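This briefing goes through one protein chain by topic. Please keep the sequence and the model in view while reading.

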Amino acid sequence: MPMILTPEQQALLNGEKGETMAKVVKSLVMYGETFGAEKMVPVTGGCGHLVTSFGLSVMKPVYALMDQLIQSGVLSGQKFSADPRPLDPNVPKNLLQDLFFHVMYSKQASYEKQLETLGLLSDDSFTCACYLDQVGNKPAKGDVLSWAESSAVVYANSVLGARCNRNSGILELFGSIAGFVPYFGLLTEEGRKATWVVEIKTTKKPEAQILGSAIGMKVMEDVPYVKGLTAFIGSELNDDATAYLKDFGAATASNGAVGLYHIAGLTPEAVEQADALIAPDANTYVIDDAELERVRASYPVIWKDPNAEPKLCFVGCPHLSLKQLHDWTDALGAALEKAGRKTVAIPTVFTSPTAVQAEFRQTPDYQRLTGMGVILSYICPLMYMNNPLCGKMPVVTNSNKLRTYTSARYHTDAEIIELLAKGGN
Ligand code: F3S
């Protein structure tokens, strides 16, 4: 069924503001019609967010498209943040890898110039955790967004109560340019109802990244309503709970395709509507200790030598919050002291938004953490690993997203601390 457009939207489609803007709107209309949308709704969040932050040399059509938008004056109607940069000189690499990176991402500088012209929020706004207070792109409850980064979409929908579909890259930019997006899926009341009830029956606090993975793999793109989690993470959206939900959500979104979850007694819509959020014939998934064990044991280890000593460790996918940086510093400090070591046993990179790092630098913990040999970076570990040279390295991580998309091996937070303090595999 064709979408019903307002006279203003129709005029844009008819070319009132030029051929390029007409194509932008046509793409949004085709996208909406594919998913049965009947109308467009205004984007109301303060800022957009772009998933394509990397100047991969092979992405020629993207650069041509950006040039066309810029030359036609079709810029983003709202400022936007972008996913993390793929390169950081501080992250360890050998000469060959360094050379390879510069060829692979040879368009980085010119692409960032294009993003700046199109409406990039600031030079510091390259992070997937754009919703953290320090970054300046935190939507309000009820805001309609045009984002694509899966970890950010699921956080904005679930923890902040904003409304956003799991859009694709470039289409999310088109929504920010036009100022409207097709109304379907997670923007609608119906689409936000839970079709799964997840009952947490574990004896201890579930590891956020494994719980998210279990739920993602079970419900895929459906909406889960999680009961019993507040017994472990409390019923207040404080720094600890939001950090937990950030990592949990990224795992649901990458191990499955979850764009929205509700936590009974905690997330905004679940607090307001409680069980009324659950669709009539919702399925049930019970998670106990054994189920988490089963899920964890199902992760394949795809290193060439499964017994290799790790060469690199990444923590911070999605990017770490300020509270997480402090918590990791404390935990690592205590473990190193106990093990009688001064520095980490494996080269280690913690990733976090530049703006968060700036605040962290003002605290004594910055010297403590870097004194332990940990490198602070703003990169995306996935972008670092997604090439044949780094892909072969035995890398460990506590990120289930990184595990899913690369050859990195997953460990719980406690296991990572142990590895960093004692080495081995
Ligand atoms: Fe963020 Fe890159 Fe991980 S975008 S969630 S650090 S894969």
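Two strands are taken to pair if DSSP finds at least two bridges between them. Helices (H or I, at least four residues) and strands (E, at least two) are DSSP runs, numbered from the N terminus. This is a predicted model, in which local features need pLDDT of at least 70 and side-chain atom pairs count only at pLDDT 80 or more, while totals for chains, interfaces and linings use all residues. Residues are numbered from 1 along each chain as its sequence is written, and side-chain values use heavy atoms, with hydrogens and water left out.

- An open sheet of 5 strands runs in the order 11-10-9-12-13, with parallel pairing.
- Strand 11 (374-377) and strand 13 (409-410) are at the edges with a single partner strand each, so one side of each has no neighbour in the sheet.
- Strand 9 (residues 312-315) pairs with strand 10 in the parallel sense over 3 bridges, and Cys-313 has Thr-348 in strand 10 as its bridge partner.
- Strand 10 and strand 11 also run parallel, joined by 4 bridges; here Thr-351 stands opposite Ser-377 in strand 11.
- Strand 10 (residues 348-351) is covered on both faces, with Thr-348 and Phe-350 buried on one side and Val-349 and Thr-351 buried on the other.
- Buried means under 20% relative accessible area, exposed means over 50%, and partly exposed is in between (1.4 Å probe, protein chains only).

- A sheet of 4 strands, open and with parallel pairing, has the order 7-6-5-8.
- Its edge strands are strand 7 (262-263) and strand 8 (278-287), each of which pairs on one side only.
- Strand 6 (residues 224-227) and strand 7 run parallel and are joined by 2 bridges.
- The bridge partner of Tyr-225 in strand 7 is His-262.
- Helix 8 (residues 208-219) packs on this sheet and touches strand 5 (194-200), strand 6 and strand 8; the direction of helix 8 makes about 130 degrees with that of strand 8.
- Contact means heavy atoms within 4.5 Å; axes are lines fitted to C-alpha atoms, for helices over the stretch in contact, and angles run from 0 to 180 degrees between N-to-C directions.

**Domains**

- The domain assignment gives domain 1 (7-187), domain 2 (191-297) and domain 3 (312-422), with bounds that come from an automatic or database domain assignment.
- The centres of domain 2 and domain 3, taken over C-alpha atoms, are separated by 25 Å.
- In the contact between them, domain 2 supplies 14 residues and domain 3 supplies 20 residues.

**Around the ligand**

- The residues around the ligand are Asp-83, Pro-84, Cys-128, Glu-149, Ser-151, Cys-317, Pro-318, Cys-380, Pro-381, Leu-382 and Lys-401, where a residue is near a molecule or strand if one of its heavy atoms lies within 4 Å of it.
- This shell divides into 7 nonpolar, 1 polar and 3 charged residues.
- In that count, Ala, Val, Leu, Ile, Met, Phe, Trp, Tyr, Cys and Pro are nonpolar, Asp, Glu, Lys and Arg are charged, and the others, Gly among them, are polar.
- Domain 1 and domain 3 each contribute at least three residues to the shell.
- Cys-317 and Pro-318 are joined by a cis peptide bond, with omega about 5 degrees.
- Pro-318 is placed in the loop between strand 9 and helix 13 (322-339).

**Helix 6**

- Helix 6 (residues 150-158) is largely enclosed by the rest of the structure, because 9 of its 9 residues are buried.
- The buried residues include Ser-151, Tyr-155 and Asn-157.
- The buried residues of helix 6 pack against helix 10 (239-255), helix 11 (268-273) and helix 18 (400-405).

**Single residues**

- Ile-170 has a positive phi of about 75 degrees although it is not a glycine.
- Ile-170 sits in the loop between helix 6 and helix 7 (171-178) and is buried, with a relative accessible area of 16%.
- Met-220, another residue other than glycine, has a positive phi near 55 degrees.
- Met-220 lies in the loop between helix 8 and strand 6 and is partly exposed, with a relative accessible area of 38%.
- Gln-10 belongs to helix 1 (residues 7-13) and is partly exposed at a relative accessible area of 33%.
- Gln-10 and Lys-26 are 16 residues apart in sequence and 9.8 Å apart in space, C-alpha to C-alpha.
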